[in-house]
Amino acid sequence: MIKKHSILPGFGPALGFTIFYLSLVVLIPLSALFLKSATLGWEQFWATVTAPRVLASYKLSFGTALIAALINAVFGLLVAWVLVRYNFIGKRVVDALVDLPFALPTAVAGIALTAIYADNGWIGQYLAAQGIKVAYTPLGIVVALTFIGLPFVVRTVQPVLADLDREVEEAAASLGATRWQTISRVIFPTIMPALLTGFALAFARAVGEYGSVIFIAGNMPMVSEIAPLLIITKLEQFQYAEATAIAVVMLIASFILLLAINLLQWWSRRRLA
Amino acid sequence: MSNANVTAPIPRNIATREATWVRWLLIAITLVFLTAFLFVPLLSVFVEALRNGVDAYWEALKEPDALSAIKLTVLVAVIAVPLNLVFGLAAAWAIAKFEFRGKSLLITLIDLPFSVSPVIAGLVYVLLFGLQGWMGPWLAEHDIQLIFAVPGLVLATLFVTFPFIARELIPLMQEQGKEEEEAAVSLGASGWQTFWHVTLPNVKWGLLYGVILCNARAMGEFGAVSVVSGHIRGFTNTMPLHVEVLYNEYNFVAAFAVASLLALLALVTLIAKTWVEWHTQRERSAAH
């Protein structure tokens, strides 16, 4: 790392401390995970991560995270649109409360959602009457992950929507576009990168989520047991190597997602610039 | 507004806006969605906590295990937040005020804990410091216990709250540039003087915002601390873990009573955030 000339002091100590602390808290512990999995041997590693129970947990974690992120993409876009474009009573309170999933501890969210969506809960009783069971099924996991991921889409789309030049819409309209054509062909392509970024962020967060899910999931092996829970179960049985193998696969998936998010943000900035 | 009315009153109303019924429909769907997913869960925490009356609520909070969980949660946050604050300031100073190779890689690495599952965050410390971990035998020999003890809780919390303050400060300090600092230094101010009297006042709201978010996550973290805590009641249970223990014992009123404190913390966090945003906007518009 080479510093260009600057008259400001403190570059060395600031960067030195940053890298030292980053290594100590994040990089060295994460590399311990990879080192541990290396002691496993390829065959044992493969046998662990392809065991039916583990595969089922991956399928569940990634599948429910994907569904929740899709729900958030649709409703997050809607929430952002309504907050930016329309006025209604209580809008500022609603706007502030969108961040609730960021601020509310996941365990609290978990027990609250379970209480509401259980068969005798405030909302669950009406759904149960229709034959829809939410709590203690994979559907409950989707509900929890939707809650957790909601602010990601709203907060990435909202600023882009607010900065949108209204004159472009007026131009489209005066050239004879209907409102729907303006929205689908002018507005939507502009906010697409932000929407995809929000979707990817919500998905990445949902894949690794633990606290809000375990209360509502029911945690039945092969049916409603998410991958992070399986890691903890293996740890509690002192199967450290297996827990590590499951974690490594999840971590690699996270890295790929992180890379995708970085590319999306780069694309988004280029589009807006 | 008046200008727009003169130029094109008719297209503005018809083609650059949605019909009134569409607008109200979209607002209605949004509010129903947010009610089912946000407002009702928040409200239910308080209703469930007060189900057996105010006395039962206070009893649940005055119970010794609940009190020790509250103390432990505050202790962990009091250690973890300042450490990440110092890191955030150092990282933002290096990244925002200087040019160097590998900067975007460094920013990505700082973001890394955001995309790692909290359970994995706890697991890595168990692999390092647990009895079967790399340093486990050495630690056991010297009678040092990190895992299933307070230091493990602090480490796991440090990991999951690692990016929060740096993430707020870096873009803010990048946006502000370095002209003011350069002016201060060329007028003879020392590095520390520049930092205290020029940089810090400029970023104080962003800093506060980062600290608030970091604290909320530190006090509310569940997955990571769950792995390293060992769930020793009265000793290594933070508030979120105590909520889980009570809930699994079917002691719902007590679980929601402790949870309601965390929900209040979340509400205070949201109010503080709104207040900080309001201040930032006011200062921005005053500057223009």
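How do the axes of helix α6 and helix α10 of chain B cross, and within what distance do they come?

## Two helices of chain B

In this predicted model, the axes of helix α6 (residues 103-111) and helix α10 (residues 163-176) of chain B come within 9 Å. They cross at roughly 140 degrees. Axes are lines fitted to C-alpha atoms over the stretch in contact, with angles from 0 to 180 degrees between N-to-C directions. Helices are DSSP runs of H or I, at least four residues, numbered from the N terminus. α6(B) and α10(B) are therefore oblique to each other, a class left after under 35 degrees (roughly parallel), over 145 (roughly antiparallel) and 65 to 115 (roughly perpendicular).

Ile107(B), Ile110(B) and Asp111(B) of α6(B) meet Pro163(B), Ala166(B), Arg167(B) and Ile170(B) of α10(B). Contact means heavy atoms within 4.5 Å.

## Where chains A and B meet

Chain A brings 93 residues to the contact and chain B brings 90 residues. The buried area is about 8,200 Å², and carbon and sulfur atoms give 80% of that. Buried area is the accessible area (1.4 Å probe) lost on putting two parts together, summed over both. In chain A, Leu8(A), Tyr21(A) and Trp122(A) lose the most area to chain B.

## Salt bridges

Chain A and chain B share 2 salt bridges. Such a bridge puts a side-chain nitrogen of Lys or Arg within 4 Å of a carboxyl oxygen of Asp or Glu. Asp99(A) pairs with Lys273(B), their closest N and O atoms 2.6 Å apart.

## Basis

Residues are numbered from 1 along each chain as written, and chains are lettered from A in the order written. Local features need pLDDT of at least 70, side-chain atom pairs 80 or more, while totals for chains, interfaces and linings use all residues; side-chain values use heavy atoms, without hydrogens and water.
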